[in-house]
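Trainee: Could you take me through one chain of this model up close? I'd like to know how it meets its partner and what goes on inside it.

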Amino acid sequence: MADKRINIAWMYPDTLYLHGERGNLMALVRYAMELGLAPHVSRVDLGTKDFDPMQYDILFFGPGEISSFKSVMADIGGYKRSIAEYISSGRILIATGTTMSMFGEKITRFSPDADDGIGEVIEGLCVIPAESFEREYVFGDDLDIRAEYGGYSMELIGNQIQMADIRFAESAQYNRFGSVIYGRGNNGEDSMEGIVHGNSIFTNMLGPILVGNPWLTLRIVRAAAENKGISIEAEDPAYELEVRSFALKKEFIESKKKQQSQKK
Amino acid sequence: MKLKFLRALIKGKLGNAAISIIDKNRGTNWAGEHAMLIDPDFLSHFKGIDPEKVLFITGTNGKSTVNSLINHILRSKGFKIVSNVEGANLDAGVATALIKGSSLSGNLDADFYIFETDERYLYKIREQLPCANLLVTNLQKDQVQRNGDPDFIYRKISRVIDAFGMRLFLNGDEPRSCSLADRSDKTVFFGVNRHSKAFCKDDTFVTMPCPKCSSRIRIDFFNNDGMGGFECENCGFTNNNGREKADYIVDSVSFDEKKLSINDVPFPMPYDLPYMLYNYAAAAAVCKELAGVSEEESAAALETFKLIGGRIDSIDYRGQNIKYMRFKQENPETLQNFINMIASDPEEKVVVIGFGTINDFDPHYINSFYAFDCDFTGLIESNVKKYIFVTDAIAYDAAISFIYGGVDPAKVEVLPTSNEEEILKAITSSGCDNVYLTIELHRFEHMKEFARKEK
């Protein structure tokens, strides 16, 4: 199985540790195995020596607290160039929730003690053309989007626990990840959600999205295999429970939309 | 100002009197809410309160229970207490308690003022009501729709401590609350030695970032989910902020005999669940430090302690004993407690799981992702005959998270309904007398009522 091996790095799991995203690693492993691959997950922690992004096929960054970002960026900053090369080469980096902000240009923190609410400004990794603004209050809701990934169009449902709104600058290199069907998305104004560069995804959507949306997970795993020149003969596996779950969630969201429009 | 306060106070007192005639179970907020509409600075105008005798209890889990324990112990020693022990923990709840405890002119003469306070309202309450003591039970992932992440709450509590300075009663075994010790020169730690129900999680689970340096916290054992023996692998931050041991420590526990000891003093254990150990230690610490009540006196008081509105109940239905345990949604710790409680029963059993949509405020939403922080290993090994997942929008999501956790899909039944009759029917047809159930409280109450009528 050595030639079928897919290396997955779980980036800073105990620091970027929120919202049950361990499930996403489990989903990557599950579907990679069902496609006949040999997934291998490694933890990369603060202080891990000799981390080389190019040794991996998927880098997964879950959501973390903004207060941790400086430490993470100090650690990963040394690999900034190689991460940019990694993304440009078509390999897969996934950053979910507020952690997406870390890859942008700057994050402006909220300060309850400042008259204008503006607190510290943190320089980001400048991997994506984005600027984030920490919110005074949390915004939490379901998020339903129409996403484009790897040439496929698909509907995804997940959650959004928005600690910072994000704004993207126009860039030819990057495409939006999704358009919002229901929810807040980047900032509640542009009806857009996240960004895609090559096969890498930066999204506000969080929680075990790869568990609940296996059609995306399979595309990611197939892209990782293709990058490595591994051919997959297996058909996509069945995911009946997930389809039923998705239908119930969609029904719930539709009923919310109806109620909200009635209130208006 | 004075007139406005008196108007507010009188309206509050009249409201309290009316509510106590109509329904004594209601009205923990009403008087305070209406008084604060008249006088937004209402809390600051009461007289006779010595800040040294005031304690705020905040944190993720255990606030109400610790408040009840402290009230019970201090009242048993004859102290007069003003408290929001009914559980309304926003500013209006505190105001209602002060209205009840004060004279018509707003004077108070209680020995102690013990208030459970919501973490997000702590600053607002403290701005108006002087308080020299703060107890933090623990700070964990919880109610993410409004609390976001634990650091969001940590910063709110830190701001209060930094602005007002307080003596802190801290859980020395829970890293976040423990680290607050750096913000005060007066800290009392409570904790629990490793006990027989302590458990470990492998490194497929996440721990948490160090509150001091963001590096990985290694948790060597969990006395309760989120708390136990810990150390930061980078800066060395460890239990009790480096002190050798907690000031008030549960040093031995016998779950079989329902006994424990705190600082070598024998205590009864009215509720023998692991998470209660921290609550006992916290209450003993406060009663000794604040009121001079010895550990022996606290232990004697606990002989008669009864928790009102606890998380455990049961239904007897057609020969089946359905054991109910409520857990807080969006809160992995209480879900893990529920799982561990079931896992400690080796008999064959059916487990019924009903996650609900999160309906705290608009927008309502779906969240079951906290289940991925829980370890199902003990449950899987504990002779479960069948798992039934119920409730409308989340039944499949919950089932999927348990299957990812290792539960055998062949043992899973998904029943996407909240209809009590259908759920009870499914339980009855499971052919097992030993049933564990978790579901939202109001649904459980409907089920209980339905079962009562069926008898």
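Mentor: Two residues are in contact when their C-beta atoms, placed from the backbone, lie within 7 Å. This is a predicted model, so to speak of a local feature takes pLDDT of at least 70 and to count a side-chain atom pair takes 80 or more, while totals for chains, interfaces and linings use all residues. Residues are numbered from 1 along each chain as written, with chains lettered from A and ligands numbered from 1 in the order they are written.

Let's start where chain B meets chain A: 43 residues of chain B are in contact with 38 residues of chain A. Three helices of chain B each give two or more residues to that side: α6 (144-147), α7 (150-164) and α13 (395-404). Helices here are DSSP runs of H or I, at least four residues, and strands are runs of E, at least two, numbered from the N terminus. The largest share of the side that touches chain A, six residues, comes from α13(B).

Now for the chain as a whole. Chain B has 15 helices and 17 strands, and its C-alpha trace spans about 70 × 55 × 40 Å along the principal axes. Buried residues (20 or more other C-beta atoms within 10 Å; exposed means 12 or fewer, partly exposed in between) make up 51% of the 455 residues in chain B. If you take the contacts in chain B between residues at least 6 apart in sequence, 70% of them join residues at least 24 apart.

Next, look for the sheet. Nine strands of chain B form an open sheet with mixed pairing, in the order β2-β3-β1-β4-β5-β6-β9-β10-β11. Strands pair when DSSP finds at least two bridges between them. At the edges sit β2 (81-83) and β11 of chain B, each pairing on one side only. For a closer look at one pairing, take β1 (residues 54-58) and β3 (residues 112-116) of chain B: they run parallel and are joined by four bridges. There, B:I57 stands opposite B:E116 in β3(B).

Stay with the sheet and find B:V192, which lies in strand β6 of chain B. B:V192 counts as buried because 27 other C-beta atoms lie within 10 Å. Leaving out residues up to four places away in sequence, B:V192 touches B:D173, B:N223, B:I249, B:V250, B:L277, B:Y278 and B:A281. B:I403 is another story: it comes 211 residues apart from B:V192 along the chain, and their C-alpha atoms are separated by 33 Å.

Finally, the backbone has a few spots worth a click. Most residues other than glycine have a negative phi, and most peptide bonds are trans. B:N240 has a positive phi, near 55°, and is not a glycine. You'll find B:N240 in the loop between β8 (227-232) and β9 (248-254) of chain B, and it is buried because 20 other C-beta atoms lie within 10 Å. B:D264 isn't a glycine either, and its phi is positive at about 70°. This residue, B:D264, sits in the loop between β10 (259-262) and β11 (265-268) of chain B, and it is exposed because it has 9 other C-beta atoms within 10 Å. Then there's a cis peptide bond, running from B:D362 to B:P363, with omega near -5°. B:P363 has its place in the loop between β14 (349-353) and α12 (377-380) of chain B.
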